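Look at the structure below and keep the sequence beside it. The text after it goes from terms to the overall fold, and then to single side chains.

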Amino acid sequence: MARMVATSLLLLSLLAVATAAAHDTAAVGGRRDIKDVGSNKEVQSLGKFAVAEHNCRLRRSGGVATAGDPVTVQLAFTAVAAAQEQVVSGVAYYLKVVARGRGGGGGGGDRPFDAVVVVKAWLKSKELVSFAPSPK
């Protein structure tokens with residue numbers, strides 16, 4: 001009996017190591033760069049969602065900044081320039097969104113923003129966690 005338990009544990013350990021080696025991931029829970037962001041429809045869709053949700057929150061707050069969203073102008077989505085993902089309770093996407101202000105006070109051209117969106121596929125939910133001007 002003890003030999004069978006030891007053999008089972010050894011097989012499970014080998015399976016776990018083989019599975020980890022087969023996947024191109026960073027440490028569990030670590031961020032991983034997403035390649036080919038420009039052609040990744042899911043990532044571009046998440047960027048559009050982030051800008052649309054920012055605009056909805058801004059309308060609901062009467063144009064007042066909040067801790068999770070200090071941007072006080074309506075924006076028009078341009079593209080997602082870079083993205084990372086991290087497995088959490090769902091998948092957190094760290095997006096570098098390019099958008100431009102629209103309307104009278106938006107002014108200027110394209111500007112970068114940092115957005116964090118958490119997707120929980122099993123609940124069919126997306127949540128914009130934060131949206132802020134990018135320092136770079």
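A residue is called buried if its relative accessible area is under 20%, exposed if over 50%, and partly exposed in between, with a 1.4 Å probe and only protein chains considered. The model is a predicted one, in which local features need pLDDT of at least 70 and side-chain atom pairs count only at pLDDT 80 or more, while totals for chains, interfaces and linings use all residues. Residues are numbered from 1 along each chain as its sequence is written, and side-chain values use heavy atoms, with hydrogens and water left out.

Start with the whole protein. Of its 136 residues, 28% count as buried. The accessible surface comes to about 8600 Å², and carbon and sulfur atoms hold 61% of that area. Such areas come from the Shrake-Rupley method with a 1.4 Å probe, and for residues only the protein chains shown count as cover. A contact means heavy atoms within 4.5 Å. Among the contacts with a separation of 6 or more, 49% are between residues 24 or more positions apart.

Next come the helices and strands. These are DSSP runs numbered from the N terminus: helices are H or I with at least four residues, and strands are E with at least two. The protein has 2 helices and 5 strands, and along the sequence they follow the pattern α-β-α-β-β-β-β.

How are the strands arranged in the sheet? The 5 strands form an open sheet in the order β1-β2-β3-β4-β5, with antiparallel pairing. Two strands pair if DSSP finds at least two bridges between them. The edge strands, β1 and β5, each pair on one side only.

Now turn to the rings. A pair of aromatic rings is described by the distance of the centres and the angle of the planes. Rings of Phe, Tyr and Trp (its six-membered ring) pair if their centres lie within 6.5 Å; planes under 30 degrees apart count as stacked, over 60 as edge-to-face, and the rest as tilted. A search of the whole structure finds 1 aromatic pair. Its members are phenylalanine 113 and phenylalanine 131, which are stacked, with 5.3 Å from centre to centre and 20° between the planes. Phenylalanine 113 lies in β4 (residues 110-120) and phenylalanine 131 in β5 (residues 125-133), so the pair ties together parts 18 residues apart in sequence. Both phenylalanine 113 and phenylalanine 131 are buried.

A ring can also have a charge over it: NZ of Lys or CZ of Arg must be within 6 Å of the ring centre and within 35 degrees of the ring normal. Arginine 31 lies over the face of tyrosine 94 in this way, at 3.4 Å from the ring centre.

Side chains of opposite charge can pair when their charged atoms come close. A salt bridge is a side-chain nitrogen of Lys or Arg within 4 Å of a carboxyl oxygen of Asp or Glu. By this rule there are 5 salt bridges. One of them joins arginine 32 and glutamate 85, whose closest N and O atoms are 2.0 Å apart. This pair links distant parts of the chain, since arginine 32 is in β1 (residues 32-33) and glutamate 85 is in β2 (residues 75-88), 53 residues apart.

Another salt bridge joins lysine 96 to aspartate 114, with the closest N and O atoms 2.8 Å apart. Lysine 96 lies in β3 (residues 90-101) and aspartate 114 in β4, so parts 18 residues apart in sequence are tied together. Aspartate 114 counts as partly exposed because its relative accessibility is 27%. Elsewhere, salt bridges that share partners join Glu53, Arg57 and Arg60 into one network. Within it, the side chains of glutamate 53 and arginine 57 meet at 3.6 Å, N to O. Glutamate 53 and arginine 57 are 4 residues apart in helix α2 (residues 41-60), so about one helical turn separates them.
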